[in-house]
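Trainee: I am new to this one; could you walk me through it?
Mentor: Gladly, let us look together.

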Amino acid sequence: MVVTGFYPDNMSRLNPKGPIIFHTQSLESRESSLSACSFHAASINPFLKSLNRNLKPIYSPAPRPPLLIRRRRRSMAFTKDQLLARLQELKVEFLSCDHPSVMTVEEQAKYVGHLGGALSKNLFLKDKKHRLYIISALANTKVDLKILSQRLGLGKGGLRMAPEEALPEILHVALGSVTPFALINESARSVSLLLDKGFKSQRYCLFHPLTNEVTIALTPSDFDKFLLSIGHEPAYVDLEDCPVVGKDNPPDLAYLIPAEALNLPGGADKVPPTSAPAQTNATLEQKTKQPTQKPKEPSKEQKQKSGNDKPQINVDAVADSTNVEKFVEKVLEKVSNVFISELSKQSNAEDGNIKDHMLEGVKQRVSSDLLSMTMTLKNSVYTQGFHAGIESTLYPLANKKIVERK
Amino acid sequence: MASTTGETLAAAEPIADGRTEEGEEEQVVNPWEVSAKGGKIDYDKLVDKFGCQRLDESLIQRFERITGRRAHVFLRRGLFFAHRDLSDILDAYERGEKFYLYTGRGPSSESLHLGHLVPFMFTKYLQDVFKVPLVIQLTDDEKCMWKGLSVEESERLARENAKDIIACGFDIERTFIFADFSYMSPPIYKNIVRIANCVTGNKIVGIFGLTLEDYGGKFFFPYIQAAPSFPSSFPHIFSGKYSKLRCLIPCAIDQDPYFRMTRDVAPRLSYHKPALIESKFFPALQGESGKMSASDPNSAIYVTDSLKDIKNKVNRYAFSGGQDTIEKQRKFGANLEVDVPVKYLNFFLDDDAELLSIKEKYGSGAMLTGEVKARLIEVLSEIVERHQRARAAVTEEMVDAFMAVRPLPRMFG
């Protein structure tokens, strides 16, 4: 127990024989509840003396636990005011201008052109595999969807306008209000954002803050700051560039393809299996790089897939990636294949049987040790994650959302 | 004639200390004493007396069919040789009905030897091939009662032993280790009392040979060892559809009395009878005169032994069935019945072909004792080294995590 409160200054006012209320914070309880214990005034002195400090008696409430620097996104839609409040929290300066609802950049220019900033046109697009993109460009930049589609590796006609229903569903904005700021919503987590590199040289960039009745102007660096705060690495692209995409020139924007597709409203298609390998890789990487996230993987993945048969793929992927025997099998297979090919370079093909036999022998001898070592790794990693989980219960207010979601 | 199929406590119970009605001393096998006249335990008689069944070839093949892999070396070579209701477990498993594993250790000493690891190595195999959860009971309270250890010392030993158990390679995603002193809590205590309400003191005396001179705790302990056979003792793991899960208990055959009693009680509490899969005693280095003793360091290979220790122990103390001189050995060959190194290789050398070759050559005299011992030293060193490496990686945090009362969401993989 941590003693966080102390008795009042003037002890002489207290009946030395009477009880004093001490407030303590129990580290074992999930909530940082304050429980009171009472002691006799006389017994406090020895206790404090034992702490060996000159304690100035102050009565104070328990210290607030530090907030997580990165806030968890809310599951409901953000409003303009919430967005602006967030910008203020981030110490992002912006100019805000109200105006009647505008549906085009030309209209918008009439009201906010005087701000001297760069107006943006924002396109909300989807590809054939139901992955979503926002392209945010300077008003003057020519955006050729065919070329962009090729540069993303989606083929010639890969990019289309996203269905209207996706606007309120995914971005939580109305028609005519597409804006990069919509990515603050949890539902827009997997939307890929392409930004015109022309923004970087502008004094101010103008965007709708989730409603087309307002425009805000902020500096490019502050805009980047916002994007980073919601876990989005800003991707600036020369949107007018038209490189030839072919065998020798792979699509240069392919890295911007979202990791997963979203279940679009009205879309009868199932989520394609290509998302599964991406998940497996993500899980494997996350397993080795961020052990603390491991215990949360299953529930996070279950939430990402809203379809009926989708959890099947994910559960098996997690089971596979935590299976020690399968892991060792894969390692041995890889090593064997490489070994065989190296060996083939040295000797001739007739030695095939000897090679296989040798390989079997090697595998046998090395399997038990590999299995043991891998199980040790798995247990160690789980242990770290487990203790991180336990310790995060010391910050119940900060982690309240995680707990609620479980 | 002892019944071999159904068993009631009265019919199958041996008199606790193994004496026959004539007062003649036969072999004694109970949780606290194992000894036999002439030194050799008659396992057939034991199986008959206890009323369990032998694990035959057809069951082993069934194992291989269901799990899709070669059976564990302990099964193939007959170290795990008896069972109760194992076929029911396999039947249920084939139908898609899961089960959980329950095994345990009485932490009486800090140092473990290979004989102690045997049930754990086998349990790990079962966990891997069936992909089922496992609970491991550390009976620190038992050792407190029987060995007169202090509570604190028993607790400490339990934790130390837990580290060696973890080093056997159990999967933390589906393993829960608990010590009686720290896990005692409403769910398991209620089951203990329910079990206690089904078994009279007379029965306990009959099974375990206690007298009124013994401390009362010893009468109560059997209920504590029985309770983990019922899934409701672990509501944080087995709840909802798993609240009546079947249980399979891998153990040494001297633990059979506890679970005979448990099986008798189970239907009255509407649980499945726990199934058992039982092992023989691992022979001591000096020969077949009982089980390895933690008090005699040269009777066994300890997990803390260095490679030098292993070499020394095997060379000097392992009872050899070979002839006195090389000439005699070449002429007559070795007595494989009593040769301890061959017995050890029987259990630890996985390669069937190599074992057969060694037995042939050694039995005919083509191979010398020294050579067989050298091979055994190699095999044992590998096992001990692997264990030591795994043991070194077990931290206090890892023990805490294994022992934390937490759900096991991926316990069936």
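This is a predicted model: local features need pLDDT of at least 70, side-chain atom pairs count only at pLDDT 80 or more; totals for chains, interfaces and linings use all residues.

Mentor: Residues are numbered from 1 along each chain as its sequence is written, chains are lettered from A and ligands numbered from 1 in the order in which they are written, and side-chain values use heavy atoms, with hydrogens and water left out.

Trainee: How much area do chain B and chain A bury between them?
Mentor: The contact (heavy atoms within 4.5 Å) takes 21 residues from chain A and 22 residues from chain B. Buried area is the accessible area (1.4 Å probe) that two parts lose on being put together, summed over both. Of this area, 53% is on carbon and sulfur atoms, and the total for chain B and chain A is about 1,800 Å².

Trainee: How many salt bridges does the rule find across the interface of chain B and chain A?
Mentor: A salt bridge is a side-chain nitrogen of Lys or Arg within 4 Å of a carboxyl oxygen of Asp or Glu. B:Arg386 and A:Asp369 meet in a salt bridge at 2.6 Å, N to O. Across the interface of chain B and chain A, the rule finds five salt bridges.

Trainee: Is strand β8 of chain A buried or exposed?
Mentor: Strands (E, at least two residues) and helices (H or I, at least four) are DSSP runs, numbered from the N terminus. Buried means under 20% relative accessible area, exposed over 50%, and partly exposed in between (1.4 Å probe, protein chains only). A:Ser192, A:Leu194 and A:Asp196 point one way from β8(A), and A:Leu193 and A:Leu195 the other way. Five of the five residues of β8 in chain A fall under the cut-off, so the strand is largely enclosed by the rest of the structure: buried.

Trainee: Which residue forms a salt bridge with B:Arg70?
Mentor: B:Arg70 is partly exposed, with a relative accessible area of 45%. The pair has its closest N and O atoms 3.3 Å apart, and the partner is B:Asp352.

Trainee: What separates B:Asp128 and B:Lys124 in helix α6 of chain B?
Mentor: These two form a salt bridge, B:Asp128 with B:Lys124, the closest N and O atoms being 3.0 Å apart. Because B:Asp128 and B:Lys124 are four residues apart in helix α6 of chain B, the separation is about one helical turn.
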